[in-house]
Amino acid sequence: MVLHTTPYSSACLHFLDGLSWSLVFPCYWLLDRLLASCVATSLEKRQRSQDPCSFLTFCVLISAPLYLLLLLTSLPFALLGFIIWAPLQAIRQPYLYTYHRPDKHQAEQGQAGPGGIGIGEWRPQGRSFCFCSANVCLLPDSLARFNNLSNTHRRAREVGKRIRNGASRPQIKIYIDSPTNTSISAASFSSLATGFRRTSSLDHRPDQTHTTNGPADTETEPLTECPIHPSGATDCPVHPAVGDQGSFGCPLHSDGDTTADCQLHPTGTNNNSDCPVHTSGEATDCPMHSTGHQPVPDHHDCPMHGEGTQPKPSTDCPLHTSGVQISISAPEPDPQEEEAETGNHRAGDQAGGDISSMTASRESLSRYHGGDTGVGITSNNTLTHVPRTSIFKRPGRKRRQGDETFDHEISAFFPANLDFLALQEVFDHGSTTRLLRQLHRYFPYILSDVGRYGWKGCCSMFKFLNSGLMLASRYPILDARYECYPNGRGEDALAAKGALFAKVHVGTSHQEQRVVGYLTCTHLHAIEGDAAVRCEQLDLLLRWGAEFRQSSSQMPEGEKVLEDLVAFDVILGDLNFDNCSSEDKLEQQHALFTQYKDPCRQGPGEDKLWALGTLLDPSGLYDDEVSSPESLQKVMENEEGRKEYVVFPPSKSQCPASSQKGRKIPLKGNGRRIDYILYSDEGLQQDWKLDIEDFSFVTQLAGLTDHLSVAMRLAVSTGEEEP
């Protein structure tokens with residue numbers, strides 16, 4: 001169980017690898033640029049058509065011969081470097097494990113510790129874990145252009161930022177200490193401010209209080225239930241006049257002029273003298289100015305009680321509710337991201353769209369953070385709240401149909417509190433470096449650079465690309481293994497596609513037993529019509545997974561260690577077949593779906609009504625209708641919009657190479673869903689149970705890849721009672 005932290009076992013081999021690659025790289029880069037200049041994206045074609053002087057075309061005509069000349073010059077050096085580099089790949093490690101110590105803010109927020117998050121004592125009621133899978137299409141730039149994508153290095157950096165921004169959104173943690181307050185509905189806490197979203201993770205509540213979302217309600221709560229104003233009051237600061245948008249939903253000021261004096265929107269130092277909540281100059285007990293994580297439940301200065309009028313805590317006070325507390329935590333802004341650029345993906349950007357650090361996802365998150373200047377709800381505030389009331393109630397996007405036992409949604413953000421991330425098609429080495437730099441600011445543990453080059457092992461054909469797999473975790477990784485599929489064909493055989501298996505440590509039981517989880521990240525054969533190849537790879541996937549779980553559970557001889565407790569076993573990845581195409585019937589009936597459960601699957605050849613296709617039509621990636629996470633989300637929520645931008649199963653009456661836009665032929669299902677998250681409840685401890693809390697299709701990578709991401713939150717309950 002030794003994780004490989006370096007690609008080679010000795011510094012000498014590492015030096016030779018670097019030397020050989022420095023000789024090969026100029027030729028590799030020039031070849032990539034030469035091919036890229038010959039393949040234009042739809043955005044570049046549009047820009048050239050709008051260029052009256054044909055300046056862009058002139059640049060291509062000049063650069064292409066120059067690239068060719070330099071390429072021919074670099075060939076002798078590349079050949080020498082290749083002779084040294086190729087044999088070294090036979091002894092290269094199959095993956096690279098990196099650990100980044102959490103920063104100070106993460107440690108303060110409890111998101112990570114010296115050994116990761118959540119590896120303390122396993123609570124009897126269990127926990128929930130959030131998984132996400134995304135195909136990011138980070139191929140060399142010339143190859144990515146065949147998918148209508150460009151600027152791989154810039155996209156890699158932006159992909160990492162969007163994932164990190166989405167996963168580290170402000171959290172609303174609900175604590176229920178009083179037995180009388182356990183009947184709070186989920187809708188009551190669906191929002192605390194505009195854009196805030198409830199997190200259902202069991203990691204953030206002491207009780208396993210199950211709640212369900214009610215129907216979406218577009219109206220605010222009646223004033224009779226307001227926790228601030230008495231019955232019949234019309235000038236409540238919590239319920240400003242209808243149509244007043246001047247204060248951006250602030251609960252304290254209701255005027256439409258400015259927020260300069262509002263204590264929830266400080267512009268400088270936190271001056272509490274004019275606080276609308278506490279009446280005295282002392283702010284130590286004010287829940288709006290609490291410096292710690294929990295306000296002191298003292299009511300001397302509380303405007304709801306009056307000084308000296310109520311010596312003991314009141315169960316009716318909305319600002320000092322003893323049983324219910326809401327803790328809001330927001331990550332500090334990254335100083336390196338304080339740039340002047342704004343926006344997400346503009347068609348006018350010459351480099352294939354604006355993918356700067358201030359993306360639409362970051363811009364949208366300003367609603368949560370209140371801006372980087374401190375305007376809004378500040379970090380680490382802890383507010384108390386009254387049950388049965390939603391002060392800022394907004395309609396949620398989560399849905400539940402029929403007898404469905406979990407919520408499902410189309411989200412413009414990656415789920416908050418994301419624990420595990422599986423990526424596919426991270427092929428380019430420079431992109432891997434940029435992506436790691438971003439992801440390590442949220443995920444302490446990452447397995448990257450996965451796969452074999454050259455002719456190593458089962459790989460009969462020379463591998464010019466690695467597997468493209470990457471696995472990021474907020475929990476410590478105990479063991480990992482990579483296996484290469486030996487039956488690749490055609491262009492797919494040039495990449496070392498395979499499966500990455502990992503064992504993670506998620507807790508410790510009362511009996512000092514480790515609680516672990518198993519993760520599998522994979523990317524199957526992509527060529528259409530090769531169903532037999534994919535079925536053979538699925539057979540290998542199941543066999544290798546069983547072997548890995550067996551070998552990793554064996555303890556060293558002579559050591560008396562208790563057996564590990566298994567919390568979950570999850571498969572994530574791009575399987576390159578869907579559950580509605582007639583051409584994929586063989587894969588749809590594979591034994592994989594008897595051992596693992598697919599939350600979106602109704603049965604072989606039939607998905608649930610709410611399931612979406614995850615493969616986007618490359619020709620429409622730069623359309624204004626889908627150029628941002630929010631706009632793509634709206635399109636995906638509309639049935640007609642999906643027909644325009646999601647790839648559907650091929651039809652005999654349609655040429656496979658033609659565009660889908662404007663076609664009138666019948667379409668089956670909601671598109672080709674080829675990205676999966678599967679889970680198995682076999683091998684769990686007795687009385688342990690897995691329940692899905694929610695499943696989401698994520699649009700936050702709009703304009704950066706031709707896939708939708710998928711995410712799932714899985715609750716693990718032990719069946720024990722809280723002592």
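Here's a quick rundown of the aromatic contacts in this structure. Keep in mind that the model is predicted.

**W29 and Y67**
- The planes of these two rings stand at 85 degrees with the centres 6.1 Å apart, so W29 and Y67 make an edge-to-face pair; the angle cut-off for that label is over 60 degrees.
- This pair bridges distant parts of the chain, with W29 sitting in helix 1 (residues 11-38) and Y67 in helix 3 (residues 55-88), 38 residues apart.
- W29 is partly exposed at 39% relative accessible area, while Y67 comes in at 18% and counts as buried, because buried means under 20%.

**F129 and Y475**
- Here's another edge-to-face pair: F129 and Y475 are 5.6 Å apart centre to centre, with 65 degrees between their planes.
- F129 belongs to strand 2 (residues 127-138), and Y475 is in the loop between strand 9 (470-473) and strand 10 (477-484), so the contact ties together parts 346 residues apart in sequence.
- F129 is buried with a relative accessible area of 0%, and Y475 is also buried, at 1%.

**A ring cluster**
- W21, F25, Y28, F82, W85, Y453, F462 and F464 are joined into a cluster through ring pairs.

**A charge over a ring**
- R601 lies over the face of F593, 4.1 Å from the ring centre; the distance cut-off for such a contact is within 6 Å.

Key. Residues are numbered from 1 along each chain as its sequence is written. This is a predicted model: local features need pLDDT of at least 70, side-chain atom pairs count only at pLDDT 80 or more; totals for chains, interfaces and linings use all residues. Side-chain values use heavy atoms; hydrogens and water are left out. Rings of Phe, Tyr and Trp (its six-membered ring) pair if their centres lie within 6.5 Å; planes under 30 degrees apart count as stacked, over 60 as edge-to-face and the rest as tilted. Helices (H or I, at least four residues) and strands (E, at least two) are DSSP runs, numbered from the N terminus. Buried means under 20% relative accessible area, exposed over 50%, partly exposed in between (1.4 Å probe, protein chains only). A charge sits over a ring if NZ of Lys or CZ of Arg is within 6 Å of the ring centre and within 35 degrees of the ring normal.
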